[in-house]
Amino acid sequence: MATLDQVGIHLNSAESRSGRLLGLRMVLAFFSMLLLAPLSLAQQTKNSCLDCHSQLDPPLHASPDEYNASIHTQKGVTCVTCHGGDATSDDVDKSMGAAAGFKGHLDRKQIPGFCAKCHSDASYIRGFNPSLRTDQYAQYLTSVHGKLLAKGDTKVAVCIDCHGVHDIQAPNDPRARVYPLNVAQTCSTCHANAEYMKGYKIPTDEFALYNSSVHHAALVDQGDLSAPTCVTCHGSHGAAPPGVASVENVCSTCHVFQAQLFDSGPHKDAFTSLGVPGCITCHSNHGIQHPSDTFIGTAEGSVCVKCHSAGEPGFDAAAKMHESLARLDSAIGRSDAILNRAELSGMEVGEAKLAQSEARDDLIKARVSIHGVQTAKVDQDVQAGLAVAQKTYQAGLAAMAERSYRRTGLFISLGITLIVLAGLALLIRKLESGSGN
Amino acid sequence: MGAAASMRHWLDERFGWNQLMAFVEHKTVPRHRFSYFYFLGGMTLFLFGLQVATGILLLLYYRPSPNEAFESVQYIMTQVRFGWLIRSIHSWGANVMILTAIAHMFSVFFLKSYRKPRELTWLSGMILLFLVLGFGFSGYLLPWNTLSVFATKVGTDIAGQVPVIGHWTLIFLRGGEDVTGATLTRFFGFHVAVLPGLVTLLIGLHLLLVQRFGMSVPPSVEADWRANPARVQEMRFFPNFFLRELMAWYIALAILGALAAFKPWELGAKADLFASAPPGIRPEWYFMFMFQTLKLLPAKIGPVAGDLLGVLGFGIAGAVWTLLPFLDHEKPGRRSRWIAGAGVFALAYFVGMTLVGYAAK
């Protein structure tokens, strides 16, 4: 091995001594780190609370997996933050002693205020997530849950009932109880329990109704996380049922055109004077089904006949609108049928099928227009759709005519082919009968 | 001298017309219980001619670029007078031609028509078959619909599995790493220029060899005729056999017309290079047996990738099959029987795996 001298590094004696001292200091520092690191690591990970409580039975049991996976733990909010005490000591008296500030189990009534100590502190929360709201507690106090809790009813939901205790996840985490796919299930823990809800005089079939609804289908079957769940209409922290006057505002958050048309039509004032809510009077609230053209009209089962009887202008308008929608739907169906037959026969009808989607759009527009209850507007959309459906039907007829033309041509050519084949066979027979070949 | 006689005289002075006619007039075709198989070669030739004729007509409207290929085929199918007929006959004709080419190959195999002196006829025929499959593969991409693009991706991926030259082959075929517009241009060039040129030359050679050596007689018939010379039967090629072939060609044309009218070749949806492969993507029927075999092979067989072994296996089998005339003994014996048995197995495997491929989900 080369010496420093040999490789051209020459130190004078003073440099050599200071160099050696520096080297010694570095070595000592390195070994100190090695020795002390396990200790400091132990200090950081030591959690006597979890060590004991993971061994206990419920209700004192705390799952290490849930605790370690929770967002609080990951952000450094530990047992001690909420419960006080000393998590570094295995001595029960020390770890759970008053001297260590041990608070123990919190009373349900205290929970919202306790959580708000952090979650309503904007400057504190900003350190974790600057865009996280800090008005949850303020909203909670305005909610039915918050008001009843203030009166002393501890059966109502508090923070931990919806968010969990040691297993809290961020709302956008699929494991969270408040993740959109899980919200209805979380609310139903109380609201679908008839025994638990006895005395509150509200129905307990909302969860079952919601599960049969188009909103549930959109959320769960189609995976549309923006589809409404309980909190969309009722609010989350400020949960309360929307009032009669405000139901339409809730629905119009998504169903904008329908709400605008409703507002411009005669139903708005009529509903207000009758004191009935918009939207849900016809469509229901929790168990909203996919509307069909039978909703509108004068047949039994339609929503119009709930208020309108024969001879009234409303009754006639309902009948006219239903007839318009049915006419367009039937025209589209007729075009579809002929285009499908043509396609199955091998005809190229791609362009006509593409144009057909325009007619379908017009039908959707007409079905939205009925919310304004103006027969002229509905008819305008229907006429546009009928024009397109007529064109596509003509295209279908043309395709079928072309199919017939081709098949006629084929049969004629097959006939000619058969004649030629017969002629050839006769020629062969004639040639071979003469020559004996 | 009449006009026809003058013409004949003019041609004879320059090209030896009378000698050619004498050859044609005296050419005979053996007549026995397997004679119907003699039609297969002529049928394949007729269908090739049909492909050239319909292909030229399609060339008048087809545009070989990703932006226009699909639309030009759509235009042919919907706007061009009888475009639907020409396009469907071309597409169906391609499949029927490949079917008759494969049937012709197997009939030559089982009738042992590849024996001396017809070795080169077999070789040129095998090369023709590979070129015809190349026609099928290159032509399939040209409509530029979803199925054709993804089938080409799968097919060229398999070509890329060949050791040593695989990646180079893949780049050469695709004109790059992926199937793009460059692939379409390249395949179009192969389909309308390179392959037709090569096939025309080889067909010329193949026909020359057939004329040179005459029609082969199967060993069993040959043995019978040697023992009983009175049983030898022949017919004149022209006009007797040719008229019969003409009937067969008319029937084939009628079948193609019926297919075009009742089951026009579909247009599909325009290819989207960014979309994922549609579920259940599979190649055309003539490649199905290979595709299905590769699907069934495990990912690894010992230290070697299953796919690679499959591709190599087919390569070796193809090479052995091509060199068959040099492996089979003239005289019937054990080796001949083994080779016949291998042929039965090959046919059964081809048919069986094709059916399994279509039945599989």
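A salt bridge is counted where a side-chain nitrogen of Lys or Arg lies within 4 Å of a carboxyl oxygen of Asp or Glu. In this predicted model, Lys46(A), Asp51(A) and Asp90(A) are linked in a network of such salt bridges. Over all chains, the count comes to 27 salt bridges. This briefing covers selected pairs in chain B and then the interface of chain B with chain A.

- Arg174(B) and Asp157(B) form a salt bridge, and their closest N and O atoms are 2.8 Å apart.
- Arg174(B) belongs to helix α8 (residues 166-174) and Asp157(B) to helix α7 (residues 146-159), so this pair ties together parts of chain B that are 17 residues apart in sequence.
- Arg174(B) is buried, at 5% relative accessible area, whereas Asp157(B) is partly exposed, at 39%.
- Arg174(B) counts as buried because its 5% falls under the 20% cut-off.

- Glu222(B) pairs with Arg226(B) in a salt bridge whose closest N and O atoms are 3.5 Å apart.
- Both Glu222(B) and Arg226(B) are located in helix α10 (residues 219-227) of chain B, with a spacing of four residues, about one turn of the helix.
- Glu222(B) is partly exposed, having a relative accessible area of 27%, while Arg226(B) is exposed, with 65% relative accessibility.
- Asp224(B) forms a salt bridge with Arg231(B), with 2.8 Å between the closest N and O atoms.
- Asp224(B) is partly exposed at 26% relative accessible area, and Arg231(B) is partly exposed at 48%.

**Interface between chain B and chain A**

- The contact involves 25 residues of chain B and 20 residues of chain A.
- The size of an interface is often expressed as the accessible area lost when the parts come together.
- Between chain B and chain A the buried area is about 2,000 Å², and carbon and sulfur atoms give 67% of this area.
- Two salt bridges are counted between chain B and chain A.
- Glu432(A) and Arg31(B) form a salt bridge, their closest N and O atoms being 3.9 Å apart.
- On the side of chain B that touches chain A, α4 (69-78), β2 (234-236) and α11 (237-262) each supply at least two residues.
- Helix α11(B) gives the most to that side, with 13 residues.
- By residue class, the side of chain B that touches chain A comprises 16 nonpolar, four polar and five charged residues.

Technical notes
Residues are numbered from 1 along each chain as its sequence is written. Chains are lettered from A and ligands numbered from 1 in the order in which they are written. This is a predicted model: local features need pLDDT of at least 70, side-chain atom pairs count only at pLDDT 80 or more; totals for chains, interfaces and linings use all residues. Side-chain values use heavy atoms; hydrogens and water are left out. Buried means under 20% relative accessible area, exposed over 50%, partly exposed in between (1.4 Å probe, protein chains only). Contact means heavy atoms within 4.5 Å. Buried area is the accessible area (1.4 Å probe) that two parts lose on being put together, summed over both. Ala, Val, Leu, Ile, Met, Phe, Trp, Tyr, Cys and Pro count as nonpolar, Asp, Glu, Lys and Arg as charged, and the others, Gly among them, as polar.
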